[in-house]
Amino acid sequence: MVILLLMGLGITLSFEGPQTYVAQRASGFVMKRYGADIQLEKLRYYFPNRVVVTELLIVDPDGDSLIYTQKLDARITSFLQNQLVIQDARLWHPRFFLLKKPGHDELNINEFAALFKPADTLADKRPFNLDIN
């Protein structure tokens, strides 16, 4: 019975609609937990390690656009133990809005990245690491 349930879940998640739904729910979780606003229109996962995201928008902590791309096609080589490694990524019509706003000490991308730092660095011995080769 468990095997049939897992097979059914695997088949369901092989379609774009459920994959997008799960990705949008994960985006909502990231927003609640970290205050980071990441929006996407569609997500498609291709076994074993390719992800295609359509209409990706990352918003900075002040609510302004930070990064936008019409399409992201990435090959992920590892997603274990708080580490995401992207071997290859292609962007279609990307826009990067990197700036240092008046009254801020850091670039907006640094402020966005700081949202993911643990409040107590001693409590988390393995911080999240993103490596793009």
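Me: Let's start with the rule: rings of Phe, Tyr and Trp (its six-membered ring) pair if their centres lie within 6.5 Å, with planes under 30 degrees apart counted as stacked, over 60 as edge-to-face and the rest as tilted. Which residues form one aromatic cluster?

Reply: First, this is a predicted model: local features need pLDDT of at least 70, side-chain atom pairs count only at pLDDT 80 or more, and totals for chains, interfaces and linings use all residues. Residues are numbered from 1 along each chain as its sequence is written, and side-chain values use heavy atoms, with hydrogens and water left out. As for the cluster, its members are Y34, F112 and F116.

Me: What is the angle between the planes of Y34 and F116?

Reply: The rule gives two aromatic pairs in total. Y34 and F116 make a tilted one, 5.0 Å centre to centre. The angle between their planes is 40°.

Me: How many residues apart in sequence are the parts that Y34 and F116 tie together?

Reply: Helices here are DSSP runs of H or I with at least four residues, strands are runs of E with at least two, and both are numbered from the N terminus. Y34 lies in helix α2 (residues 16-34), while F116 lies in the loop between α3 (108-114) and β7 (129-132), so the pair bridges a sequence separation of 82 residues.

Me: Which residue pairs edge-to-face with F116, and is that partner buried or exposed?

Reply: Buried means under 20% relative accessible area, exposed over 50%, and partly exposed in between (1.4 Å probe, protein chains only). F116 itself is partly exposed, because its relative accessible area is 28%. Its partner has a ring centre 5.5 Å away and a plane at 70°, so the pair is edge-to-face, and that partner is F112. With a relative accessible area of 10%, F112 is buried.

Me: Which residues does A36 contact, leaving aside its neighbours within four places in sequence?

Reply: A36 sits in the loop between α2 and β1 (37-39). It's buried, because its relative accessible area is 0%. Contact means heavy atoms within 4.5 Å. On that basis, the partners of A36 are V30, M31, F112, L115 and F116.

Me: And S27, which residues does that one touch, not counting those up to four places away in sequence?

Reply: S27 lies in helix α2. At a relative accessible area of 15%, S27 is buried. The residues S27 touches are I38 and Q39.

Me: Whose ring face does R50 lie over?

Reply: A charge sits over a ring if NZ of Lys or CZ of Arg is within 6 Å of the ring centre and within 35 degrees of the ring normal. R50 is partly exposed, because its relative accessibility is 34%. It lies 4.7 Å from the ring centre, over the face of Y46.

Me: How far is the charged end of K71 from the ring centre of W92?

Reply: K71 puts its charged end over the ring of W92. The distance to the ring centre is 4.6 Å.

Me: Zooming out, what pattern does the protein follow along the sequence?

Reply: There are three helices and seven strands. Of the 133 residues, 22% count as buried. Read along the sequence, the pattern is α-α-β-β-β-β-β-β-α-β.
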